[in-house]
Amino acid sequence: MRLRDDGGVEFTKGHGTGNDFVILPDPDGALDLTPDLVAAICDRRRGIGGDGVLRVVRAAKHPEGVALAGEAEWFMDYRNSDGSLAEMCGNGARVFVRYLLEAGLATPTSGALPVATRAGIVRARVEGDAVAVEMRRPRLYGASAAALGGLTLPGTAVDVGNPHLVCPVSAGLDLAGLDLTRAPGYDPAVFPAGVNVEFTAVAEPVDGVDAHVLMRVYERGSAETLSCGTGACAVAAVALHEAAREVGTVAVDVPGGRLTVTLAEDSCWLSGPALLIATGTLTRP
Ligand SMILES: N[C@@H](CCC[C@H](N)C(=O)O)C(=O)O
């Protein structure tokens, strides 16, 4: 961890389609990143503000990364804004890779750059402002439902390394009008560790993709966000499944922009803009 003499902590702020993160370089895993500290950093009034924290640690120096140190130099230690841990963050991984490259901690290669996460290794490619990451293929594992403002919305449970519930909003309901200021209810028997809930609507066809979906999300540990990469992958998998397809490309429009998801037989590529916007020193965490 880089500390100033007065104990300040260097940070970088970045986002992927409006899903924003505070990036903390901590190569040797020296920072005691407690849930309270994460929540204070992510506080949008008293802290820097963010949907989550990305701690940049050498895989060899993190207890959850050390087993992957032979495959990737860096471990993405992702935390939600309430301080909780999550297994995976798709937009976070894209922003993490942008940071590694801009900080000179990794060099652009013609191949894909591996990053260790709690959900295993992801591989990234950079294409201008966009960063694409290859993650595990989402696994649809059953029906469930979300409760929202007196409504029950049926959905599909999807494992993308972290848990998701994808709920299409039926005709007559307005996606933009859903009140996501409060957490949707869910079945804890299906999601014992909580769940990220995506609400979706079919959008006008666009060229070059097999489906086009609108999505809003209420994230476990971070409330409503402008985008969720793993959520977009879950939504794409459900959209293709409903079209009786196993593979294909889906454009997922979130409040923060557009993500593109390509499902192949044994992989899932998530692509979209990933940008760094500021650096600074946190002096009073
Ligand atoms: N925004 C992320 C997902 C972050 C983790 C999620 N809130 C969870 O607790 O599983 C993404 O882009 O995937």
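Mentor: Glu 219 counts as buried because 29 C-beta neighbours lie inside 10 Å; the term buried requires 20 or more other C-beta atoms within 10 Å of a residue's own, exposed means 12 or fewer, partly exposed lies in between, and C-beta atoms are placed from the backbone. This is a predicted model, in which local features need pLDDT of at least 70 and side-chain atom pairs count only at pLDDT 80 or more, while totals for chains, interfaces and linings use all residues. Residues are numbered from 1 along each chain as its sequence is written.

Glu 219 belongs to strand β12 (residues 211-219); helices (H or I, at least four residues) and strands (E, at least two) are DSSP runs, numbered from the N terminus. Apart from neighbours within four places in sequence, Glu 219 is in contact with Asn 196, Thr 225 and Cys 228, where contact means that two C-beta atoms, placed from the backbone, lie within 7 Å. Arg 220 is located in the loop between β12 and β13 (223-225). Arg 220 also counts as buried, because it has 22 C-beta neighbours inside 10 Å. Once residues up to four places away in sequence are set aside, Arg 220 touches Asn 80, Gly 194, Val 195 and Asn 196.

Cys 228 is in the loop between β13 and α3, and its 36 C-beta neighbours inside 10 Å make it buried. Beyond its neighbours within four places in sequence, Cys 228 is in contact with Asn 19, Asn 91, Asn 196, Val 217 and Glu 219. Cys 89 lies in the loop between β4 (74-80) and α2. With 30 C-beta neighbours inside 10 Å, Cys 89 is likewise buried. Its contacts, not counting residues up to four places away in sequence, are Gly 52, Tyr 78, Gly 229 and Thr 230.

Consider next the ligand. There are 17 residues around it, of which Ala 86, Asn 91, Asn 162, Gly 229 and Thr 230 come nearest; a residue is near a molecule if its C-beta atom, placed from the backbone, lies within 6 Å of it. The helices α2 (90-102) and α3 (229-242) each supply at least two residues of this shell, and α2 provides the largest share, three residues. The shell divides into three nonpolar, twelve polar and two charged residues. Here Ala, Val, Leu, Ile, Met, Phe, Trp, Tyr, Cys and Pro count as nonpolar, Asp, Glu, Lys and Arg as charged, and the others, Gly among them, as polar.

At least three residues of the shell come from each of domain 1 (9-134 + 273-282) and domain 2 (139-266), with bounds taken from an automatic or database domain assignment. The centres of domain 1 and domain 2, taken over C-alpha atoms, are separated by 23 Å. Their contact takes 19 residues from domain 1 and 19 residues from domain 2. On the side of domain 1 that touches domain 2, α2 gives the most, with three residues.
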